[in-house]
Amino acid sequence: MQIQQSFNLSHHNTFKVPAICPQYFEPSTLEELKEAYQSCKGNFYLLGEGSNTLFIDNQAPLIIRPKLMGKSINMEKNAVFLTVNCGENWHELVQYCVANNYYGIENLALIPGSVGAAPVQNIGAYGVELSDVIQSVSWFDFSQQQVIELDNRACEFGYRDSIFKQSLQGKGVIVSVTLKLAREFQPKLSYKGLSFEQKKLTAKHVMERVISIRESKLPDPKKLPNAGSFFKNPIISSEVYHTLIATYPDMPAYKVTEQTYKLAAGWLIEHAGLKGYRERGVGVHQNQALVLVNFEHVKGMRIVELATLIMEKVQEKFGILLAPEVRIVDRRGLTSISEIMV
Ligand SMILES: Cc1cc2nc3c(=O)[nH]c(=O)nc-3n(C[C@H](O)[C@H](O)[C@H](O)COP(=O)(O)OP(=O)(O)OC[C@H]3O[C@@H](n4cnc5c(N)ncnc54)[C@H](O)[C@@H]3O)c2cc1C
């Protein structure tokens, strides 16, 4: 197994923040993963491709980067069951599926990151969530030292949420994911940008459109370091919604249930006057207020300070507390803005 000492993580997180970890383990088999776990004695951070991770100290914890690669296919009459190991890249998987006529994840094209991290926050975009196609997840459980299968229901998927962020946080590793994909194309075109002229629409058309929308709307982390949406879209009660909409009739909102509405965090940030705000090397993107940018590759703490300012301003104006979607990591491991700001 590859083990690196005093490893520089600045090219292993899309915020490009500087951070050094004492040891970086890159297990490529289950045996190596067990070995890495034993060496770290439970005190480490699991890193995928770092596109949803913010390191805030110069010193990072020990890092395990699971690099189990490969996939296997079980073809049935109406469905394809595709098992993909955690180290594979998500977007390459989408391209592979589209090229082979396995349907269901074309709307999730160009989301950065690894397959292993995808179920953690139940990645979603353009009307599709990973939970729509997950059959099961293979989970290496630290306490049992063995792999167990969790079916879709057991993963407790929600909006940018799953059991892996909740009760199983820190208790194991997703080693592979099994997707149930369709063999017949059923386009999901609920997102308003996905309307087509073509008579014979293909998954490739949908994937290409999603890529072009994303490229036109979202800053490329290679040019402007960011981690996509920094905050989750808040879900509020219908009571709060009705009070707000009376004051802000243009406020976009999406009814989730009879009792709840989802608001656009980007709109709240913009209307708190922070779109395009920039200070000390970091800022709010000028077109996408939900995206925080590390313009000058400065330390992660600056981004936390900016996020805190945004949370305060949005709360002051709308009475809504935004919750970060990005995983915040200090020298000891996973933490949260409220713990840091105590
Ligand atoms: C430009 C940009 C656009 C984005 N757009 C979207 C979008 O449209 N929709 C969306 O949902 N997300 C989006 N994201 C967020 C991000 O791409 C996803 O959250 C992605 O799944 C993160 O993958 P990663 O490998 O980089 O995860 P990392 O940041 O490395 O890790 C994320 C979390 O997963 C855990 N983890 C990693 N690997 C494993 C494993 N094998 N087992 C268990 N836990 C693990 C980590 O400990 C951490 O808690 C975007 C990010 C960027 C930079």
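Select Gln-121 and the ligand: an N or O atom in the side chain of Gln-121 is 2.7 Å from an oxygen atom of the ligand, a polar contact (a pair of N or O atoms within 3.5 Å). The model is predicted, so local features need pLDDT of at least 70, side-chain atom pairs count only at pLDDT 80 or more, and totals for chains, interfaces and linings use all residues. Residues are numbered from 1 along each chain as its sequence is written, and side-chain values use heavy atoms, with hydrogens and water left out.

At Glu-49, a backbone N or O atom lies 2.8 Å from a ligand oxygen. The protein buries 94% of the 990 Å² that the ligand exposes when taken alone (Shrake-Rupley method, 1.4 Å probe).

Now show the whole shell: 32 residues surround the ligand, each with a heavy atom within 4 Å of it. They divide into 15 nonpolar, 13 polar and four charged; Gly counts as polar, and Asp, Glu, Lys and Arg as charged. Colour domain 1 (2–64) and domain 2 (71–217): both give residues to the shell, so the ligand lies between them. The bounds come from an automatic or database domain assignment.

Then move to the open antiparallel sheet, ordered E6-E7-E12-E10-E11. Strands are DSSP runs of at least two residues, numbered from the N terminus, and two strands pair if DSSP finds at least two bridges between them. Strand E10 (residues 134–141) pairs with E12 over seven bridges. Finish at Ser-136, opposite Thr-178 in E12.

Definitions and conventions:
A polar contact is a pair of N or O atoms within 3.5 Å; within protein, one must be able to donate a hydrogen and the other to accept it, and residues adjacent in sequence count only if both atoms are side-chain atoms. Helices (H or I, at least four residues) and strands (E, at least two) are DSSP runs, numbered from the N terminus.
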